Amino acid sequence: MKSRLVLIGMCALLMFGAIYIIGTSLYEERKAAAPATVATNPVSSIPIERGVFARSAEALLYQEMPESQKGLEAYYQNRAYPGAPPIIPHQLISEKGIGGKNCLQCHQNGGYVEQFSAFAPITPHPDLLNCMQCHVPQKTNLAFQATNWEKMAAADIHQVAMPGAPPVIPHDLDMRNNCLSCHAGPSAPKEIRVSHPERVNCRQCHLPRTTPDIFTKPVQENATFKRPGGDEMGYSEQKLDNAEVSQISEWIKNENQ
Amino acid sequence: MAAASMFPGIVFPKDQIVGQTNGAINWKKTPCRFCGVGCGLLVGVSDGKAVAVKGDPASPVNKGLCCVKGYHSVMALYASDRLTKPYIRRNGKLQEATMKEALDLIAEKMKTIIQEHGKDAVSIYGSGQWTIPDGYVASKLFKGAIGTNNVEANARVCMASAVTGFITSFGMDEPMGCYEDFDHADVFVLWGNNMAEMHPVLFSRMLDQRLKRDVKIIDLATRTTRTSAAADRTILFKPQTDLAIANAICYEIIHNGWMNDDFVRNHCVVKSGKTNIGYGTEDHFKFKDEPKASSLAELKHFLEDYKPEKVEELTGVSAKDIKYLASLYGNPNKKVMSLWCMGMNQHTRGTWINNLVYNIHLLTGKISTPGNSPFSLTGQPSACGTVREVGTLTHKLPHGVVMNEKHRKIAADIWKVPVERIPSKPTYHTVEMFRALDRGEIKFMWIQVTNPMVTIPNLNRYRDATKKDDRFIVVSDVYPTPTTDIADVILPAAMWIEREGMYGNSERRTQHFEQMLQPPGEAMSDTWQLIEVARRLGYEKLFPWTEENHVEKIWEEYSRFHEGAKHGIAPYEVLKERSGVQWPYVNGKETKWRYHSKYDPACEKEGYDFYGKPEGKAWIWIRPYEAPAESPDRDYPFWLNTGRVLEHWHTGSMTRRVPVLHQAVPSAYVELHPADAKALNVVNGDLVKLASRRGEIVLRASVDERGQPTRGQVFVPFFDEGYLINELTLDAFCPISKEPDYKKCAVKVEKYLG
C-alpha cells in the first residue's frame, strides 16, 4: 500500500515537473521572440570620454591571448537588465571594506584566476573604488517575494548602416567608456571580442547612438528675408491669402488641361 | 529576409527602424526613490513599463553615478504581491473592497470620531517619503480644514535633532552648504556616519577627490565599518561620548589659539541652556529649554572640564587622537567638512551634539563658504522637502510654527480658512502620538508611506496599542507590511514614478518627477487619497483641483508660503525642466551657500550674516556631556546599536522585493566583536539570543564579516521584518527634538541553544 502511494506520488511529481518545464520553455521562447529594444536617449548628452584610452598600452598583447569561452548569454545572466551593474558571481575575498584593492587585484588588469578556473573580467572604471556600492554578491537563490519584472532583451550586436560599415555601439556608455575592458582580451565574451584591439581609438569608427532622431531640414517657409533693393528687382515681399492661393492653383489646373 | 541571409550578421536599416519604434526606450528624469542624497536617475520606459535605469549625467548630485539600490530601484515596482486593491477589516479579517467603499468608510469614521471624541482624536502619521504635494495636502487637511495639530511624520525619528540643531544655532533649518563642498574641502570628519554604505554616491565623490588631491577622511565611530576601511584614520569612541569629544575639540581650539577671534566676535553669541533634561521615557513628558545669555569667558571656564586628558577615560579616545582632530579643525589652511546622519540625530542629546559640532565650525569660522561646511545628511528622499519644508510636524506650518500668531495668519490666508481653525498649541510628537493612541486619546490614525510596526522603538507596546478595541487605523502602502497587518483599511498607493511629485534632498534641492507609468489596479497617489477623503468630509472648496492639474496647482499655492530671498522656491516650469533646483531660488538663481553675502542674496550686511537669528549672529551653545538613558549593567551588559546596510533601505519593504538586493543580504543578523563571540562560545552563523528589558529576539551571529562593533556592543540592522529589533529598543528621546535614540540601549547576549 505504502509503495503504491509513493509510486503515485512520484508520477504526480513527474507530471508537475513536466508541466513546469514545458511552461517555462514556452515562456522563454516567447520572450526570445520579443523584438530587441534599442536604447535611445532623448535627453541629449554626449557620452563622457573618461577612460576611453585606458588599457591601450596592452592592446597589442591582446592578440596573443587565448579566446574566452564565455558568451554573451552568460554576460547578461548576472545583470538585472542590459546596462545594470553585474552582481558578484563568486565568493568574496573579504566581507569587509568597500572592495577597492580586493577587487582590483583581479579586475583591474584581468588574467587567469585559478580559484575560479576563469579569466577575470576587467572593470571599465577602476577609478571608482567603492565597488560594493553597485556590485553585490548573492547569498541565496531565493526571492523574498516573486517578481513580475520583465528583463528586456539586449540590443542586437553588429548593427551597421550598410554592408561593410563599422558597427555602431548599441549600448549606453555610462560607466563603460573604456571599450577594451569588455571587448578585448581573454575575458571578453566571444561574440563581442574585437578583431583589431590595436586600433585603440575605437570611437573613431564606432559611434554610440545618443538620439533616435535623424537630422532633416525642411525648407522653411518663414525663412524669408529681403535682399537690399529687392523691390526694384520685382521680388517684393507679398503674402498671399488662402483665396489667392486657391485662385492660383485653379489657374494652373486650367493651364495644364 | 533573403537579403539578411545573404549578409549574415548585418541588421538592415529597415529592421533597425522597426526595432526602434516598437521597443524604443524613453528616458525620463527623476530623483531616486530611496535615500536623502537625491541622486538624479534616468528611468528607461518601454511599452508602459520601466525597464532600465542609469545615472543622470545632468544631475549635479551624482553626475551619472548611482548605487546598487538606485540602479535596481525600478524593480521595486514589480513584485508579485503589489497591493492593487483596497482592503477593509470585517469581522477581524482583511477583505477586498472597492476604492469607493474604502474612502467612504474612512471619511465616515473620521466624522463620527471627531463628533464623539473631538478633533484631536484623529491623526495622520506620514513620512519623509511623502512627496511635497502629499505632505502639503495632509497639513492643509488636518491643520487647516479639520483643525488639529495631530500631524506627524517618521522624519521625527530620523532628523528632528538636525532641525532643532539648526534652529537653536542658526534660527533657520537646513544646511548652509551643499554637495559642492565635497569638491573644495581638505578634511572630511564623519561623525558616527557609515557613509560608504548609507550615502555611497557622496562617499564615492569624496574618494574621487582623494585620488585627485590631498584630502583626509576621518571616521569617528562606535563601530568599524566599510567607511573605516576606506578612511585615512578611524577613531573609535564609546557610545554617547561624542558630546565630550566635541567639547574637548573646542577646548583645544581655544587653548591653542586656533580660534578665529574676528569671526567669533562679529558673528557669534554664546548661550547656555538647561541641563539634566531627562529622557522622555515616561508618558506626558514635557520639556522646554530656556536659552540664557552667556559669554566666551563662561564657555572657556566650562570647557576646563573637557581637557582631552580628562575625557580620555569617558570617551575611550586618547588625548593624542582628540588633539589630532582639533588640529585638523584648527589649521587655518584646511577647509573642513563635518558630516553626520543618524549617529548624531538618533541620540538622547541629539540637539546638543548638533549644536556642539556647529560650535567647532563657528569657533574656527569654517562655515558658509565653499568647503567649510558642517553638513547634516538625511536618510529619506524628501525628509527635507516635505517634512521640514512643508512642515508636517505637530508644531509646524509650511511657513513657521503654530505657536506664532503671524504664521497662523499667513497659513489661514493662503488656505482660505478662518485663522481660529488652526490651533495654537502643538499636540503630540511621534512617540507621544503612539502613546496617546495607546492611552485612547487618539482613536484614528492614518499612516502613509511608512512602516511604523517595524520602526517604532519599544515596538511591543505600540503594536498592542494599534490593536485596541475602538481604534481605527488606515494604512496607505504599496506592499503588505507588518503595518498593513494591523490596519482596518488598507489603501493601495501609487508608487514614485506612477504619479507626479517632487522630493527635496539634503542640499536644499527640489526635484520634480512626472508620471511615467500607470499605477497597478486601483492604486492611487497618497495626495489624491487625501483629497478624496477631504471632499467626503465637506472640504471640496479647499481642494478644488483636478487629477490632471493638482500637482501644479498645489505647487503654486505652496510657493506662496516661501516667497522672498530666504526661502524662495523655483516655479513649476523650471522644476519640470531641470534635474533639481536649489532654494533659496532668487531672481532665477540658486543659492549654494547661505549666510554669506558673496553667495546669498538674502544677506543684508557685507560678509557673514546669520539672518535666521534676530541679532544676525549664530549661537554658540554651552552643552555638557550627559549619560544615555540606559547603559549596560550587570543584567544587560551589552550596548545594542541598530542601523542600515547598503543593500536595503529602511524596513526593506521595497528593497527586499528586488531580487538582486534580497539575494545579497537575505536576512538580518547580529554583529559581534570577535572577542565577545569567543567569550560567548559563538562562531559565525550560530544563533544568538538578544534580550532587553522590553523584548527578545533570536538571530544569526555575524562575526568578522562586514562590520565589527567595539567590544561590549552588538549591532543589528532593522530592515528585516522577520527579526523586529525595535521590540528591544528603548523609546527614550532627545527632550528638545523628541527624536528617539535607536543607537543605545542595554541588552544581554547569549548563545541560543534551541
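The pLDDT is the predictor's confidence in each residue, on a scale from 0 to 100. The structure described here is a predicted model, with an ipTM of 0.80 and a pTM of 0.87. Where pLDDT is low, the predicted coordinates should not be read in detail. The mean pLDDT of chain A is 78, with 76% of its residues at 70 or more. Within chain A, confidence is lowest in helix α1 (residues 2–33), where the mean is 62, and highest in helix α4 (residues 101–107), at 93.

For chain B the average pLDDT is 95, and 97% of the residues score at least 70. Residues 1–22 of chain B stay under 50, and the model has 21 contacts beyond four places in sequence for them.

Chain B contains 26 helices and 31 strands. Along the principal axes, its C-alpha atoms fill a box of roughly 80 × 75 × 65 Å. A compact globule of 754 residues would have a radius of gyration near 27 Å, and the 26 Å of chain B therefore agrees with that value.

The two chains touch through 56 residues of chain B and 53 residues of chain A. On the chain B side, at least two residues each are supplied by the helices α2 (13–23), α3 (68–71), α8 (200–212), α9 (226–230) and α25 (659–664), and likewise by the strands β1 (26–31), β2 (40–46) and β3 (49–55). The largest share of this side, six residues, comes from α2(B). By residue type, the side of chain B that touches chain A divides into 31 nonpolar, 15 polar and ten charged residues.

Two helix pairs within chain B were examined. Two packed helices are described by the angle between their axes and the distance between the axes. Helix α10 (residues 242–255) and helix α16 (residues 350–364) of chain B have axes that come within 9 Å and cross at roughly 15°. Angles under 35 degrees count as roughly parallel, so α10(B) and α16(B) are roughly parallel to each other. The crossing of α10(B) with α16(B) is left-handed. Residues of α10(B) in the contact include B:Leu243, B:Ala246, B:Ile249 and B:Ile253, and those of α16(B) include B:Trp352, B:Leu356, B:Ile360 and B:Leu363. The residues of this contact divide into twelve nonpolar, three polar and one charged.

In the second pair, the axes of helix α4 (residues 99–117) and helix α22 (residues 526–536) of chain B also come within 9 Å, and the crossing angle is roughly 55°. These two helices, α4(B) and α22(B), are therefore oblique to each other, and their crossing is right-handed. In α4(B), B:Leu103, B:Asp104, B:Ile106 and B:Ala107 meet B:Glu532, B:Val533 and B:Arg536 of α22(B). This contact comprises four nonpolar, no polar and three charged residues.

Two local backbone features were noted. Most residues other than glycine have a negative phi, and most peptide bonds are trans. A:His158 is not a glycine, yet has a positive phi of about 55°; A:His158 lies in the loop between β2 (118–119) and α5 (180–183) of chain A. In chain B, the peptide bond joining B:Trp583 and B:Pro584 is cis, with omega about -5°. B:Pro584 is located in the loop between β21 (581–582) and β22 (585–586) of chain B.

How values were computed:
Residues numbered from 1 in each chain as written. Chains lettered and ligands numbered in written order. Predicted model: local features only at pLDDT ≥ 70, side-chain atom pairs only at ≥ 80, totals over all residues. Contact = placed C-beta atoms within 7 Å. Helix = DSSP H or I, 4+ residues; strand = E, 2+ residues; numbered from the N terminus. Nonpolar A, V, L, I, M, F, W, Y, C, P; charged D, E, K, R; others polar. Axes fitted to C-alpha atoms, helices over the stretch in contact; angles between N-to-C directions. Parallel < 35°, antiparallel > 145°, perpendicular 65-115°, else oblique. Left-handed = near helix turned anticlockwise from the far one by under 90°. Rg over C-alpha atoms; globule rule 2.2 N^0.38 Å.
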